Every structure is written in structure tokens, then in C-alpha cells.
Amino acid sequence: MSMIIDAHNHLGDRPGARQTGAELVAKLDVAGVDKAVVFPFVEGNFTNDFVKNAFDEFPDRLIPFCAVNPWEANAAEIVRHCITDWGFKGLKLHPTINGYHLADPELVDPLFRVADELGFPIIVHGASDLFNSPPEFALMAARFPRVPLLMAHMGFFWAVEQAIDFASQFDNLYLETSRAPIFEIQTAVKRLGPEKVIWGTDSPFVDYEFEFQKMERSTPDLGGYGSIVGGNIARLLKL
Ligand SMILES: [Zn+2]
């Protein structure tokens with residue numbers, strides 16, 4: 001089987017939440033996970049320095065993604081700097097916490113244009129709340145067809161059906177499974193096939209081993225399972 005890769009983890013130290021690179025790598029070791037995509041917490045003022053330092057410490061285990069607040073005037077430059085100077089592999093956005101619509105052309109298109117130019121995926125909080133409902137993802141997937149776009153939490157709670165519909169319509173739109181219940185994940189795999197579903201945990205906000213073990217029930221097809229828990233994200237990241 002290909003590598004096992006967790007596509008959604010936060011590193012940093014902010015009021016109420018903390019996770020270091022070493023703490024996450026210890027969880028990967030216990031669960032039997034090869035690599036983890038990591039990005040900052042994005043509440044308040046944040047930078048990508050903590051993630052950069054953790055990546056320097058564990059370059060073979062961590063896959064760093066940049067996070068930015070598009071309201072910052074230099075957001076696109078920060079993304080370009082993370083990717084080209086620091087070797088980061090993708091971008092994380094959280095429209096709800098930072099207060100903007102994912103499909104806002106003025107704020108968000110400049111970031112997607114950098115992804116289109118440099119060729120990296122974007123993962124976005126997608127729990128069907130105010131600023132990042134599935135139609136916002138569909139608008140961006142249509143506007144930037146070459147940018148792989150991952151909907152974190154796959155539209156759970158209220159919009160899983162809509163998320164699946166849009167993921168079936170856009171080749172570049174993927175559903176990420178963190179915190180979604182297993183029945184909804186099984187439904188997505190049945191309707192879309194395993195190539196459009198990507199495993200992530202959202203650590204440290206979860207029971208890590210449970211978030212991994214639930215995926216054993218995502219599909220009876222062993223090859224498909226390998227795609228979901230690592231093969232798909234490896235392909236998007238050209239690992
Ligand atoms: Zn998260």
C-alpha cells in the first residue's frame with residue numbers, strides 16, 4: 001500500500017489549543033501513519049513560523065501548508081514566500097474564523113491565482129457554515145479548474161449531500177473526512193468513488209486513533225482504502 005498520510009492537522013500554541021511537531025509525530029507513530037499535512041491555528045494574529053520550525057525538525061514526517069488571512073494586504077506574497085522560499089506544499093484557508101466568503105473574487109482570487117501558477121492544492125474549512133458552504137466551493141472549483149480544492153469536513157453537518165453533488169461535478173473538488181461521521185463518508189465513497197475522498201483528522205481537536213480507525217469502515221475495497229488514506233493526497237502533492 002502507498003504511504004498513509006493525514007491531510008489535516010494544526011500546529012501551534014494559542015489560548016485553548018496547543019500541538020507541537022513532536023507531539024503530532026508521537027501520535028502518528030502510535031497510529032502507524034507515515035506523514036501529516038500541518039498548518040497553523042488561524043484565530044487572532046498568526047504566522048507560519050511555528051509550522052516552519054516544526055517542518056525543519058521533522059522534514060520526513062510533516063508536510064507544511066501555509067495559512068493566511070486574506071484581509072491582510074500582503075496575503076498573496078506570504079503564500080508565495082511559504083511555497084517558494086520555505087518549501088511549503090499547499091495553502092489552508094478558514095473563511096469563517098477570518099470573516100470572508102470563500103468565493104469573494106477580490107479577497108480570495110489572488111491566492112488561487114498563486115496556486116494556479118505554482119501548482120499546489122488548497123484545503124478550506126468546509127463545515128457548511130456561513131462563509132464556506134458547498135456552493136462557495138463550487139464557484140471556486142469552476143473558476144480555477146486546475147487548482148485541487150479540498151473541502152475539509154465534507155460539508156458536515158447540514159450540507160453533505162450538496163458537497164457530494166458538487167464533488168461529482170468538478171474534477172478538482174475533493175472531500176476531506178475529518179470529524180465527519182462514518183456513514184456520511186461511506187455515502188461519499190459510494191457515490192464518488194475513493195479517488196475523490198481524502199482522509200484527514202483535524203488534530204489536536206480529535207481522538208487521533210479513532211479518526212484513523214473509523215476509515216477502515218470507509219470502503220471494503222482495499223485499493224480504494226489506500227487511495228483515501230494517502231494515495232490521493234500523495235498524487236495531488238506529487239510525492
Ligand atoms: Zn482544522
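**Entry 1: the annotated span**

I looked up residues 22–211 and found that their end C-alpha atoms lie 19 Å apart. The span is 44% helix and 16% strand, where helices (H or I, at least four residues) and strands (E, at least two) are DSSP runs, numbered from the N terminus. An unreviewed UniProt entry annotates residues 22–211 as "domain: Amidohydrolase-related". I note that UniProt positions are given in the numbering used here, that feature names are shortened, and that annotations may be inferred rather than shown by experiment.

I worked on a predicted model, in which local features need pLDDT of at least 70 and side-chain atom pairs count only at pLDDT 80 or more, while totals for chains, interfaces and linings use all residues. Residues are numbered from 1 along each chain as its sequence is written, and side-chain values use heavy atoms, with hydrogens and water left out.

**Entry 2: the zinc ion**

Which residues are the protein donors of the zinc ion? I found His8 (NE2), His10 (NE2) and Asp202 (OD), lying 2.1 Å from the zinc ion. Donors are N, O and S atoms within 2.8 Å of the metal (3.2 Å for Na, K and Ca); water is not among the atoms, so sites may look incomplete. The spacing of the donor residues in sequence is H-x1-H-x191-D. His8 and Asp202 link distant parts of the chain, 194 residues apart. I located His8 in the loop between strand E1 (5–6) and strand E2 (10–14), and Asp202 in the loop between strand E10 (197–198) and helix H9 (208–213).

Are His8 and Asp202 buried or exposed? Both are buried; buried means under 20% relative accessible area, exposed over 50%, and partly exposed in between (1.4 Å probe, protein chains only).

**Entry 3: strand pairing around E2**

I next traced the partners of E2, taking two strands as paired if DSSP finds at least two bridges between them. With strand E4 (residues 35–40), E2 pairs in the parallel sense over two bridges; Leu11 stands opposite Pro40 in E4. With strand E3 (residues 17–19), E2 pairs in the antiparallel sense over three bridges, and here Gly12 stands opposite Gln19 in E3. The hairpin of E2 and E3 has two residues between the strands, and Gly16 takes a positive phi near 90° there.

**Entry 4: salt bridges**

I counted 13 salt bridges, each being a side-chain nitrogen of Lys or Arg within 4 Å of a carboxyl oxygen of Asp or Glu. Side chains of opposite charge can pair when their charged atoms come close.

Arg18 forms one of them with Asp13, with the closest N and O atoms 3.7 Å apart. Arg18 counts as partly exposed because its relative accessibility is 46%, whereas Asp13, at 55%, counts as exposed. I also found Asp13, Arg18 and Glu23 linked in a network of salt bridges.

In the salt bridge of Asp165 with Arg191, the closest N and O atoms are 2.7 Å apart. This pair links distant parts of the chain, 26 residues apart: Asp165 is in helix H7 (residues 160–169) and Arg191 in helix H8 (residues 182–192). Asp165 is partly exposed at 34% relative accessibility, and Arg191 is partly exposed at 43%.

I then looked up Arg235 and Glu195, whose side chains meet in a salt bridge (3.4 Å, N to O). Arg235 lies in helix H10 (residues 222–236) and Glu195 in the loop between H8 and E10, so the pair ties together parts that are 40 residues apart in sequence. Arg235 counts as partly exposed at 42% relative accessibility, and Glu195 is partly exposed at 37%.
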